[in-house]
Amino acid sequence: MNLISSSCLLLLRSFSRNIHRRNIYPLISRLYTETTVELSKDQLQKLRDQEQRFKRRLHSVHRKFAVVPENSEFQGRHHVYFEDGKGIYRSTLGHDDQEMLEVCNADWGGDGYGTIQRVRLSPSETMLAVTVKKDHHEETRCVLVHLGGLILRQKAPLVLDNVLSFEWATDDVLYYSTQETLRCLCVFRLHLSNSEVKTTLVYEEKDPEFFVEVSRSRDQRLVTINCCSKISSEVWFVDSKTPLLFPTLIQSRQPGLLYHVEHSDNCLFILANTGANQEYQLLRAPLASPSMPHWVPLFSAVPGTVIKDMELLQDHCVFTVKDSQCRVQIQTLSTKEPRQFNTHQLPHWACDLSPQRVGTVDRGSFGFLLSSPVHPPVRYLFSSREQKLSVTEDNTKHISLTEFNTTRLQATSQDGTMVPLTLLHMPALSELHKAPLLLHVYGAYGVDLSMAFSPEKRMLLEDGWALAYCHVRGGGERGLAWHQAGSVLQKRRGVEDLASCIQTLHHLGVSRPALTALTARSAGAVLAGALCNHNPLLLKAVILQAPFLDVLGTMQDPSLPLTIEERGEWGDPLMREHRDNIASYCPCHNIIPQLYPSTLITAYSEDRRVPLSGVMKYVQRLKKAIQVCTTRDGVNKRVARVPVVILDLQPGGDHFGPEDLNLSLNESARQLAFLYTELGLDHQKTRRRQKERSNNLTGKSHRPRN
């Protein structure tokens, strides 16, 4: 069960999952032309040479980690399936030597649709539903494939347009939501009878602040329709025993009430923010009487921890909880036993837990992947029968992993709040004063900062970089209250938290401003841009990807697709108090003549989530401010190097970056070339120093320090 029900989470993907190769258009050579200063031919050539070197290294690094486990394999009742981003293949269970047979290809979605997003098998494995995404855009189609019979493709696939989420109620009944201009408001029922295909509208959301998605209970009994805004939620359900009846309401929406639903043995298990400090707790209600007066509390997180996710097994509930790090807690649900829970410690390096949910689900076990930005995924399994948590697949033992440190710190923010900070590094903390530092921040929508494995981050770590992840207010790392403390009128708190994290690291002797860079994407750019306006000397370089920079201009335009839906995050500028607050931190409206960090911005020409006009406005204002600063009397004498502002404008509208690995590596190579150039690092010398250090370590292969 995912506690964050929003369009951005439904569309997030891992680049490393898509390892297929396709023909791509040539590298666009207009990079480095939109700069604050005219770069010489030698400078341009140096940047491009750096880019090509990094691209070769990145390809090598991705090949090295191609053997690590992924959520690309799943099981049905009779077959095992493998998905590689381009196609889906299967073989009969228990016949490992059998050739994999293609059952679906992304090209079946039509011209221009080339990447698989979401996969669902029908209960008896007779049908397969797959969404495929349009190249360089967010549009998706759902392809329905008949798996029964002797010939898999004897029936032409049925294609549905603009489908975002979908679940099977039975083998012949599919519920799905549609997305138009980034808004997901309608749910349909598709009935595949022998004589006809019938489509029925079963739910239509009238409130534009809400987003609608379809999900399914782990026991496959219920299909749920989840309606969520930034401040409340409402859930309807369809019983798979009566799949053609219209949905039943569980609890009507109330301001401030957020809840999510699971099912087992004719009972609803409800995760709702009715606990202490309005954090999540687990409650139970009869399926026949699902409304809030019948909710009975079962479990609340211990003080100092928050519930991040939940998986319901036969007689147990598995919670992912967080305090300073990830933990797994197991709660007994059987009424015959006294309720108790056990806490399972995870490795100290674990930063990300990714559940395995596709295919036939074993209700007696829970499988998941553990990783960190610099540690490849390791597959774990909790068995409720054996009451045991064990490693089931760890291919990292076949890869030489140099020892590294995971240090969890806290920074004291301006108002005294303690802000968690994760630092990944190879040298000891006391030896990082000369290390380049790359900071990461997001701090919006109650979403945790992404800390899944990245081969690029692993490469930087092995090059001697320190990587810092700032878990500022506005994100979800410390629960719902942590998000609320950094949203709407409190959005500036996230900026203050970010500044405190950087200052704390520098005070501890981790790097220095001349070797410090910050990276952020999408809404994370709001905090990054605001920090640069107020504390530009903390950083040397900034990388922004698909950045949201003109908050005030965007939120004042209700014709844009997400403006109304996102008032719960940023505020409504039609209200004077909200408008003044947004204006006080909006990156685009607080630029002044001063020395800013050098900035590389990657934007997409048809991005509908972040209007290009706001990005262009920001770039022009930033360039002008730097030019004014550097041409004033006396300023040039103390400016060693004029900061550059580079706009890397890519075609298409894929806000979350390219799916194709080659295109993704092109972007990463450009960013690395920019970082090394602006921080004055020698790529070759950095590699040689790190190799010498690795050779001096005792032993040939090391595990992370636990």
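In what order do the four strands of the open sheet with antiparallel pairing stand? The order is 25-26-27-28. This is a predicted model, in which local features need pLDDT of at least 70, side-chain atom pairs count only at pLDDT 80 or more, and totals for chains, interfaces and linings use all residues. Residues are numbered from 1 along each chain as its sequence is written, and side-chain values use heavy atoms, with hydrogens and water left out.

**The chain overall**

- The chain has twelve helices and 36 strands. Both are DSSP runs numbered from the N terminus: helices are H or I with at least four residues, strands are E with at least two.
- Of the 706 residues in the chain, 60% are buried. Buried means under 20% relative accessible area, exposed over 50%, and partly exposed in between, with a 1.4 Å probe and protein chains only.
- Among contacts with a separation of 6 or more, 61% come from residues 24 or more positions apart. A contact means heavy atoms within 4.5 Å.

**Sheet 25-26-27-28**

- Four strands make up this open sheet, and their pairing is antiparallel. Strands pair if DSSP finds at least two bridges between them.
- Strand 25 (352-355) and strand 28 (388-393) are the edge strands; each has a single partner strand, so one side of each lacks a neighbour in the sheet.
- From one strand to the next, the twist averages 35°. Axes are lines fitted to C-alpha atoms, for helices over the stretch in contact, and angles run from 0 to 180 degrees between N-to-C directions.
- Strand 26 (residues 365-372) and strand 27 (residues 375-383) run antiparallel and are joined by seven bridges.
- Gly 367 sits opposite Leu 381 in strand 27.

**Sheet 17-18-19-20**

- Another open sheet has four strands in the order 17-18-19-20, with antiparallel pairing.
- Its edges are strand 17 (259-264) and strand 20 (296-300); each has a single partner strand, so one side of each has no neighbour in the sheet.
- The twist here averages 25° from one strand to the next.
- Four bridges pair strand 19 (residues 281-286) with strand 20 in the antiparallel sense. Arg 284 stands opposite Val 296 in strand 20.

**Strands 21 and 22**

- Strand 21 (residues 306-312) has six of its seven residues buried, so it is largely enclosed by the rest of the structure.
- A hairpin of three residues joins strand 21 to strand 22.
- Strand 21 and strand 22 (residues 316-322) run antiparallel, joined by six bridges. Val 306 faces Lys 322 in strand 22.

**Helix 3**

- Helix 3 (residues 455-462) is mostly covered, with seven of its eight residues buried.
- The buried residues include Glu 456, Lys 457 and Arg 458.
- Packing partners of the buried residues are helix 2, strand 30 (418-425), strand 31 (437-441), strand 32 (466-470) and helix 11 (661-678).
- Gly 464 follows helix 3 and has a positive phi, near 100°.

**Aromatic rings**

- Twelve aromatic pairs turn up in a search of the whole structure. Rings of Phe, Tyr and Trp (its six-membered ring) pair if their centres lie within 6.5 Å; planes under 30 degrees apart count as stacked, over 60 as edge-to-face and the rest as tilted.
- Phe 74 and Tyr 81 are stacked, because their ring centres are 5.2 Å apart and their planes are at 0°. Both residues are buried.
- Phe 548 and Trp 570 form an edge-to-face pair, 5.4 Å centre to centre with 75° between the planes.
- This pair links distant parts of the chain, 22 residues apart: Phe 548 is in the loop between strand 34 (541-545) and helix 7 (551-555), and Trp 570 is in helix 8 (residues 567-570).
- Phe 548 counts as buried at 6% relative accessibility. Trp 570 is buried too, with a relative accessible area of 1%.

**Phe 54 and its cluster**

- Phe 54, Trp 465 and Tyr 676 form one aromatic cluster.
- Phe 54 lies in helix 2 (residues 41-64). Its relative accessible area is 0%, so Phe 54 is buried.
- Phe 54 and Ala 669 are 615 residues apart in sequence, yet 5.1 Å apart in space, C-alpha to C-alpha.
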